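Trainee: Hi, I have this model open and would like to walk through it with you. Could you start with how the elements are named?

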Amino acid sequence: MAEQIQKLRPDRDLQCYFERPSAVAALSGASPNGFTVSGSWRQQFDWVVVEWNRDNVFEHPALRCLPDGDLSGVTLSYEETRDNCIPIDSTLYPTADWPTLRI
């Protein structure tokens, strides 16, 4: 029986991008319920992006699902760990967007 792939599955349709050349990051440990993003950042404005592409530009057009941007019923839970960085709850003025999670 064929597996039905549902959107926003970390082990199927998420991608990771990062600022080069000063940062490096990877998406790992992906399962149907979660994933880990880890990396090394050298400058305060380095970033990593985890992206879900609604339009699925990688698979053959005859085989890919139709675009569906309806995210009703989807819940995002987020846990962050920072080592050797400014803590996310720091009261320092954010000279870069380090205390912000953008969705």
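Mentor: Helices (H or I, at least four residues) and strands (E, at least two) are DSSP runs, numbered from the N terminus. This is a predicted model, where local features need pLDDT of at least 70 and side-chain atom pairs count only at pLDDT 80 or more, while totals for chains, interfaces and linings use all residues. Residues are numbered from 1 along each chain as its sequence is written, and side-chain values use heavy atoms, with hydrogens and water left out.

Trainee: Thanks. Where does E3 lie, then?

Mentor: E3 is in the segment before strand 1.

Trainee: And is E3 buried, partly exposed or exposed?

Mentor: Partly exposed, because its relative accessibility is 46%. The scale runs like this: buried is under 20% relative accessible area, exposed is over 50%, and partly exposed is in between (1.4 Å probe, protein chains only).

Trainee: What does E3 touch?

Mentor: Setting aside neighbours within four places in sequence, E3 is in contact with R9 and R12. Contact here means heavy atoms within 4.5 Å.

Trainee: Let's switch to S22. Which loop holds S22?

Mentor: S22 belongs to the loop between strand 1 and strand 2. S22 counts as buried because its relative accessibility is 9%.

Trainee: How do strand 2 and strand 3 pair?

Mentor: Strand 2 (residues 23-31) runs antiparallel to strand 3, with 7 bridges. Two strands pair if DSSP finds at least two bridges between them. They make a hairpin with 2 residues between them. A25 has G39 as its bridge partner in strand 3, and A23 stands opposite W41.

Trainee: What about Q15?

Mentor: Q15 sits in strand 1 (residues 14-18). Its side chain makes a polar contact of 2.7 Å with that of Y17. Leaving out residues up to four places away in sequence, Q15 touches V49, V50, E51, N53 and F58.

Trainee: Last topic: how much space lies in the largest pocket?

Mentor: About 2,300 Å³. On a 1 Å grid over the protein atoms alone, a pocket is an open set of points where a 1.4 Å probe fits, with protein on both sides within 12 Å along at least five of seven lines; lining residues have an atom within 4 Å of a point. Grid points are joined across faces, edges and corners, and the volume is the space filled by probe spheres set on the points.

Trainee: Which residues lie nearest its centre?

Mentor: V37, V48, V50, Y78 and L101, out of 47 lining residues. Strand 3 (34-41) and strand 4 (48-52) are the elements that give two or more residues to that lining, and strand 3 gives the most, with 8.

Note on methods
Polar contact = N/O pair within 3.5 Å; in protein donor to acceptor, adjacent residues only side chain to side chain.
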